[in-house]
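Dear colleague,

I am handing over the structure below, and I would be grateful if you could read the notes that follow with the coordinates open beside them.

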Amino acid sequence: MSAQSTAGIDEPEKVDHPSRSDGFVRGLAEAIGGPMGEHAAGRPRGGGRGGIVFWSAARIVLALTCLTLALHWVQKSPCQDGAWQNNVQYTRLCYTDVLALYYAEGLNEGKVPYADHPVEYPVVTGYFMGALGLPVHALGESRPGLNQGMWFYNVNAIVLSALAVATVAMLLSLRRRRPWDAALFALSPALLVTATVNWDLLAIGLAAFGMYAWARRRPVAAGILLGLAGAAKLFPLFIFGPLIVLAIRANRLKQALIAAGTAVVTVVAVNLPVAIPYRESWNRFFELNTERPIDWGTLWYIGRYLDGKWNSGNPGDQGPFQWLSNHVDPTLNYLTYVLFGLACVGVALLAVLAPRRPRLAQLAFLVVAAFLIFSKVWSQQYTLWLLPLLVLARPRWGAFLAWQFAEVCYFVAFYGELLGASGKQVFPEGVFVLAATLRLVTVAVLCGLIVREILRPELDPVRATYDDDPDGGVLDGAADAPWFTRWRTGRKAADSGASPEPPSSGEPVPVA
């Protein structure tokens with residue numbers, strides 16, 4: 001592969017400085033003397049070791065990531081011994097599925113996931129749980145005094161933290177001209193409070209490697225990695241929808257289909273060893289998602305709460321959301337699928353009608369956000385799904401911090417709601433509903449801002465630094481397909497009432 005083919009992510013020249021390019025950061029910088037200048041102390045200059053300073057932006061961001069993860073470990077430390085008395089896991093805001101499910105999934109008894117016990121997660125997550133849990137159990141068998149739950153949590157915390165650092169490294173590699181963008185992930189309050197609540201960082205890390213492989217124009221590797229990510233949590237597979245739509249517009253469908261086909265083969269290959277011999281255990285994930293009722297903090301939960309303000313909830317006096325809550329399978333399930341499908345159609349139309357082909361990360365964020373907005377389940381750690389996509393799609397600090405504030409408010413309110421469900425009322429349910437609404441609204445606002453930048457590409461901060469799409473791989477710098485150009489020209493001519501001008505005599509006629 002030539003260096004020229006991936007120049008968009010390999011060349012660090014034209015480096016962005018948020019104190020000059022980001023209005024929010026520029027405003028804060030005024031408090032310490034204004035934006036960084038070309039001759040500011042500490043900037044790399046010629047002389048000495050090639051003008052390289054040790055504390056480069058990338059190293060600072062990686063160090064900040066490690067600091068955030070260390071603080072997260074401290075925040076979760078009250079729960080690590082597993083002695084959850086008097087609701088300490090809620091009062092100290094330190095609950096984690098990782099520790100709870102070590103016992104709930106039978107790992108503490110040496111049960112092999114799927115073979116000996118059904119697992120509620122896709123297979124790669126189940127493999128991951130077994131790969132770390134069974135050795136801890138074996139160690140505990142030889143050392144009866146060992147706190148297996150604590151060891152299991154800490155081993156998971158180390159591996160998941162390493163995946164978080166690797167995710168930041170991939171973001172830095174994709175944004176060599178904008179290294180400070182990755183600080184949004186590194187300093188995210190959501191990362192601080194939810195990093196090891198579940199195993200989502202496993203899928204996020206694999207997806208980040210997959211997107212990097214696509215940017216490096218390696219569709220097979222991208223398909224394998226995104227396929228593994230999708231077999232850990234479902235959301236990485238949603239990236240292929242935008243990818244295929246953009247590839248059609250750019251006449252690069254072959255590479256996109258190779259990546260998508262490889263992902264399908266990967267998902268099938270990792271599922272078959274479980275799906276064939278342990279069909280009932282394997283099917284638990286699908287059964288749970290079909291039967292699962294409306295979960296805390298979702299659009300449907302908010303609607304049901306509001307219904308309850310005007311209706312009693314009794315038969316004959318139910319609001320629409322109350323009725324849907326009683327008819328989850330299949331009515332609400334189908335409704336969520338339809339709404340998500342319509343959102344995907346809208347994103348596809350946006351990709352086609354935009355004046356300039358959108359960037360992959362922009363559309364991927366919109367699709368994953370739409371899934372969360374319309375889903376009947378929106379667990380607290382699902383916010384991590386959006387983090388790396390937002391870094392790549394819209395690295396602006398103002399709206400990001402507003403969203404993170406909403407996520408922290410929801411995090412605190414969620415634990416108050418859990419305490420209330422445990423019989424210890426902290427605040428009225430309306431406080432939790434307000435926090436959930438704020439979270440939903442801020443995510444919707446982020447979607448609106450991204451749509452605006454797609455329709456007005458001159459507002460896109462990434463395109464102020466890069467010529468096109470540094471994450472696009474074969475899409476980066478590619479012209480629109482000839483058929484699309486002809487359709488767009490004819491559509492504009494029809495809208496203006498004029499006939500499209502024929503090419504001049506010396507101009508070749510484009511062919512598909």
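The notes below go from the whole chain to single residues.

This is a predicted model, in which local features need pLDDT of at least 70 and side-chain atom pairs count only at pLDDT 80 or more, while totals for chains, interfaces and linings use all residues. Residues are numbered from 1 along each chain as its sequence is written, and side-chain values use heavy atoms, with hydrogens and water left out.

The protein chain has 24 helices and zero strands (DSSP runs, H or I of at least four residues for helices and E of at least two for strands, numbered from the N terminus). Of its 512 residues, 50% are buried (under 20% relative accessible area, with exposed over 50% and partly exposed in between, using a 1.4 Å probe and protein chains only). Among contacts (heavy atoms within 4.5 Å) between residues at least 6 apart in sequence, 72% join residues at least 24 apart.

In helix H13, residues 240-250, the buried positions are Phe240, Pro242, Leu243, Leu246, Ala247, Arg249 and Ala250; asparagine 251, which follows H13, has a positive phi near 60 degrees.

Glutamine 148 belongs to helix H8, residues 148-174, and counts as buried because its relative accessible area is 15%. Leaving aside residues up to four places away in sequence, glutamine 148 touches Tyr102, Tyr103, Asn108, Val136, His137, Gly140 and Glu141.

Aspartate 329 lies in helix H19, residues 328-353, and is classed as partly exposed because its relative accessibility is 49%.
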